[in-house]
Amino acid sequence: MELTPEQLLKNWETHLGYISTYITGGRKDQLVKLYTSLRDEMVFTPASGKPHFHNAFTGGYIEHVNRVVELSLTFLNLWEQSGANINFTKEELVFSALNHDLGKVGLKDLPNYLPQTNNWRKENLGEMYTYNPNLPFMLIQDRSLYTLQSNGIILSENEYFAIKLHDGVYEDVNKPYYLSNSPDSKLRSNITHILHQADFLASKVEYDRWVNSKSSKK
C-alpha cells in the first residue's frame, strides 16, 4: 500500500490534533515539541517490517497510531456503557495510545526500520524493512517509555502500565501482570486492557486489508 503526500500530511495533522484536543498542561507543549523534532521520522516510518504483520509501508506508523487512538475512544465508550470501572482519564488513554509504539520511530537519530535490501528475504520472507543494527536493542514499549522519559515528559502510573503492557500476553514478559492468580497483583486499571484491545483490533484491520489487497490482485 502506498499513501499519497496528501494522505501523509492529513494523517500527521490528525495526529497532532489529538494532542491539542486531549492533552493538557505543560505536557501538551512537550509532546508537540518532541513530535515536531521527530516529524520526518514519524511521518515516513512503517508500523512493522512485514506486510503480514501490519502497515509495513511508508507512513504506516502514523496511520496505525491514529487508528489505535480512535479505537481506544470507541472501546472506552463500550466499556463505560457496559458498566466496567473507568478508573483512568480520557487524557491518560489518548496519551497512552499516541505513544504506545513511539519506540518504532527509533532513537537518537537512528531509525528503527531500514529498507530491506536483500532481495531473497524480500521475496521469500516478505521483509520490506529490517531492523537497524546500529540501534541498541530494546523492546518497542521500553524504547517508547525511554523516549518520553529522556525528553522530560512525565507519565502517570496508568499511562506507564498501558504503554508497557499494550501487547498483552503476546509478550511473555507481560504474563505476570495479566495472568496473576492473586487479587493483590492483578492490574488495577482497565486502561491497559482497553489499549490492548484497540491495538489488537487496529492491527487485525490492517492485516485484513493486506489480505484483501492480495486477493483483489489475483
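**Close-up views: a pocket and a helix pair**

**View 1. The largest pocket holds about 890 Å³ of space.** Keep in mind that this is a predicted model. A total of 34 residues line the largest pocket, and the closest to its centre are Phe-53, His-54, Lys-104, Tyr-131 and Asp-167. How do we find such empty space? Rolling a probe the size of a water molecule over the atoms shows where it is left.

**View 2. Here's what builds the lining of the largest pocket.** Strand E2 (129-131), helix H7 (140-150) and helix H10 (191-216) are the elements that each give two or more residues to the lining. Which of them gives the largest share of the lining? That's H10, with six residues.

**View 3. Helix H1 (residues 5-22) packs against helix H4 (residues 60-81).** Two packed helices are described by the angle between their axes and the distance between the axes. For this pair, the angle is about 40 degrees and the axes sit 9 Å apart. That angle makes H1 oblique to H4. As for handedness, H1 and H4 make a left-handed crossing.

**View 4. Zooming in, these are the residues where H1 and H4 meet.** On the H1 side, look for Asn-11, Trp-12, Thr-14, His-15, Tyr-18 and Tyr-22. Their partners in H4 are Ile-62, Glu-63, Val-65, Asn-66, Val-69, Glu-70 and Leu-73. What kinds of residues make up the contact of H1 with H4? Seven are nonpolar, four are polar and two are charged.

Note on methods:
Residues numbered from 1 in each chain as written. Predicted model: local features only at pLDDT ≥ 70, side-chain atom pairs only at ≥ 80, totals over all residues. Heavy atoms only, no water. Axes fitted to C-alpha atoms, helices over the stretch in contact; angles between N-to-C directions. Helix = DSSP H or I, 4+ residues; strand = E, 2+ residues; numbered from the N terminus. Parallel < 35°, antiparallel > 145°, perpendicular 65-115°, else oblique. Left-handed = near helix turned anticlockwise from the far one by under 90°. Contact = heavy atoms within 4.5 Å. Nonpolar A, V, L, I, M, F, W, Y, C, P; charged D, E, K, R; others polar. 1 Å grid on protein atoms, 1.4 Å probe; cavity = no way out; pocket = protein on both sides within 12 Å on 5 of 7 lines; lining within 4 Å. Points joined across faces, edges and corners; volume = space filled by probe spheres on them.
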